[in-house]
Amino acid sequence: MKSKRAFLYSALLLGCTLNSVHAQSELSTELPPSFTVTDERAPEEISEVSRLYLDGNLVATFRLGLSKAHETQTIPLPVGRFDVDYALCGEITIVHNGHQETHQVSSEGQLHHPEGHSLDAVGTNNFTDFFLVDYDDAAVATHRHGRAAVCATPNT
């Protein structure tokens, strides 16, 4: 009788251990919080290369042209962060008065709990200002006018 109890007790412990390991493995495969960013080429644009930085680190590059009008990327948030600084940098080539012009665009701002949100990269002021916006929740992204320091090209 004692051996049956010992066997049942051992089986019960093994089952609890396996369930605990399984639960931990499910937790470890859980994806970090993320959000999406969509960049779309305007009708007068010929091409665009945009870079998104979070807290000074490059997290995405978007390349648009005549054969690719839009791109959406999923951006994971840095571990433990829900408010992050962002910078959006790019080179946009447009047709203006029949001539090609390339504009260096950038700006910076802050994202406030962007997890699960869909943001758009938006250019304004004749393609001189470039920032993120969530049309469903304006409080998610704040924008500071002016050039982003991380976007400065090195003088080499």
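Predicted model: local features only at pLDDT ≥ 70, side-chain atom pairs only at ≥ 80, totals over all residues.
A second core, separate and made of five residues, counts Y53, A87, A148 and C151 among its members.

As for the largest nonpolar core, it holds 26 residues, and L52 is among those with the most contacts inside it, together with F35, V37, Y86, L111, L119 and L132. Strands β1, β2 (45–54), β3 (57–64), β5 (83–96), β6 (99–112), β7 and β8 each give two or more residues to this core. The top contributor is β5, with five residues. In soluble globular proteins, nonpolar side chains tend to be buried together.

Turning to strand pairing, β7 (residues 118–124) runs parallel to β1 (residues 34–40), and four bridges join the two. Within this pairing, D39 has A121 of β7 as its bridge partner. On to β8 (residues 129–133): this strand runs antiparallel to β7, with five bridges between them, and G123 is partnered with F130 of β8. Four residues sit between the strands of the β7 and β8 hairpin, where N125 takes a positive phi near 50°.

Then there is V140, located in the loop between β8 and β9 (141–144). Apart from residues up to four places away in sequence, V140 touches Q110, L111, H112, P114, H117, L119 and D134. The C-alpha atoms of V140 and H113 are 6.4 Å apart, although 27 residues separate the pair along the chain.

Definitions and conventions
Residues numbered from 1 in each chain as written. Heavy atoms only, no water. Pairing = 2+ DSSP bridges. Contact = heavy atoms within 4.5 Å. Core = buried A, V, L, I, M, F, W, Y, C linked by side-chain atoms within 4.5 Å. Buried < 20%, exposed > 50% of the residue type's maximum accessible area, 1.4 Å probe, protein only.
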